[in-house]
Amino acid sequence: MTETTIPRGNTLPRIRPWLGIAAAASFVVASVMALFWAPTDAVQGNVYRILYVHVPLAWLAYLAFVVVFLASVGWLWTKNPLFDSIAVSSAEIGVLFTGLFLVAGSIWAKPTWGVWWTWEPRLVTTAIMFVMYVGYLLLRGLSTDFSRRATRAAVFGIIAVIDVPIVHLSVLWANSLHQLPTVLRAGGSPALDSSMLLTLMVSLGAYTLIYAYFMTARVSLELARHRRLWTT
Amino acid sequence: MLERIGARRVLLIAALAVAVLVGTIAATNLASSTVYYMTPSEVYAKTVQMGQTIRLGGLVEQGSLTSRPTGRPGENEVEFIITDGNAKVRVLARGAIPGLLREGAGAVVEGSFAADATFIATQVIAKHDEVYTAPTAGATPAHRTGFP
């Protein structure tokens, strides 16, 4: 196998601690804003505050699986193992956040809707998304040949991303229990107070930093593993 | 070598199992959840059988909601009218009723029609909209939680 341009991991370990500090600090700021600074909701009361966890987790799930898609295209295009490392790292993190997203949603649903779970379009499509990426991770264990494994996974990673917009748009396409989008509304300003919107934006930023931190850690781990297993 | 093949076979079976699970969920639930609920107009148009379990969704009509405790803790007997602006259905339910169920807001009920065209709901799900706003001064939120 030809020695491809895998970064030897010189830059990632240097920025990782700073990314970690930034992620932790912004998470604390976001949590304080969400719990104490943002006003309570006129209809739902304080229970709505889980929005500041639920929505960023959903965003991270989407982001992670779009990164899997892009990295999968990158692998098929260039055959650079770096892309495969990014894909598997993002898929694992995406599965973690989709799981937390489902749990947070369930915790929000019980006191507001009155049920933990119902077979509503967005819940069904999200459950499918979760199971598909668990399947993606299982598929990666099938072959011990690096190149074949990466190619199969990449094909799956490209197909599976179709569910991401389906999850997001399901509330517009079908009768659903979920409310319509709050921030990205068709032809209108966001339907929430400006202090709530700011809190949500800070939370989104904080969770994105957490994702970036997890990614740097997981990708360097995968690159180290790759060097150990396949390049000698 | 044998161990390797065994592990791969296990993974292949697991991957197939996940694929089957996805397929089953998609086939059995996605089809029915694209019509997650029917509106009152659809119920009248599609001739729903008496006793057939369906989900019905719409708005709780203003002035139609009455609630009384059943005597069991946390349980209420409620009666309200679900409307989509054109047709109306009278709904009866008893049990744990979500705190967000209120007049003018959305609700989805699961159950079936009785002989007198009343909908007997076995489950009441409250729907909330996408608007979040701070309560006006002095007002208490409709749904109160224990957080200070």
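## Strands of chain B

How many bridges join strand β4 of chain B to strand β6 of chain B, and do the two run parallel or antiparallel? There are 3 bridges, and β4(B) (residues 88-95) runs parallel to β6(B) (residues 119-126). One of the pairings to look for puts V91(B) with F119(B) as its bridge partner in β6(B). Keep in mind while browsing that this is a predicted model.

β6(B) also pairs with β5(B), this time antiparallel, through 7 bridges. Here A107(B) sits opposite A126(B) of β6(B). The two strands form a hairpin with 5 residues between them, and in that hairpin A117(B) has a positive phi near 70°.

Next up is strand β1 of chain B, residues 54-60. Of its 7 residues, 5 are buried, so the strand is largely enclosed by the rest of the structure. A residue needs 20 or more other C-beta atoms within 10 Å of its own to be called buried.

β1(B) has pairings with β5(B) and β3(B). With β5(B), residues 106-113, β1(B) makes 6 bridges in the antiparallel sense, and G57(B) finds its bridge partner in V108(B).

## Chain B as a whole

Zooming out, chain B has 2 helices and 6 strands, laid out along the sequence as α-α-β-β-β-β-β-β. The chain is 148 residues long, and 23% of them count as buried. If you take the contacts in chain B with a sequence separation of 6 or more, 49% come from residues 24 or more positions apart.

## Helices α3 and α7 of chain A

Over in chain A, how do helices α3 and α7 cross? The axes of α3(A) (residues 81-112) and α7(A) (residues 194-230) come within 9 Å and cross at roughly 130°. The pair is therefore oblique, and the crossing is right-handed.

On the α3(A) side, the contact is made by P81(A), S85(A), I86(A), V88(A), S89(A), S90(A), E92(A) and I93(A). α7(A) answers with Y211(A), F214(A), M215(A), R218(A), V219(A), E222(A), L223(A) and H226(A). Sorted by type, the contact residues come out as 9 nonpolar, 4 polar and 3 charged.

## Helices α4 and α5 of chain A

Another helix pair worth a look is α4(A), residues 121-139, with α5(A), residues 146-160. Their axes are 9 Å apart and the packing angle is about 170°, which means the two helices are roughly antiparallel. The α4(A) residues M132(A), Y133(A), Y136(A) and L139(A) meet R152(A), A153(A), F156(A), G157(A) and A160(A) of α5(A). That contact splits into 7 nonpolar residues, 1 polar and 1 charged.

I128(A) also lies in α4(A). Is I128(A) buried or exposed? It counts as buried, because I128(A) has 21 C-beta neighbours inside 10 Å, and the cut-off is 20 or more. For a sense of distance, I128(A) and F97(A) are 31 residues apart in sequence, while their C-alpha atoms are 14 Å apart in space.

Conventions:
Residues numbered from 1 in each chain as written. Chains lettered and ligands numbered in written order. Predicted model: local features only at pLDDT ≥ 70, side-chain atom pairs only at ≥ 80, totals over all residues. Buried ≥ 20, exposed ≤ 12 C-beta atoms within 10 Å, placed from the backbone. Helix = DSSP H or I, 4+ residues; strand = E, 2+ residues; numbered from the N terminus. Pairing = 2+ DSSP bridges. Axes fitted to C-alpha atoms, helices over the stretch in contact; angles between N-to-C directions. Parallel < 35°, antiparallel > 145°, perpendicular 65-115°, else oblique. Left-handed = near helix turned anticlockwise from the far one by under 90°. Contact = placed C-beta atoms within 7 Å. Nonpolar A, V, L, I, M, F, W, Y, C, P; charged D, E, K, R; others polar.
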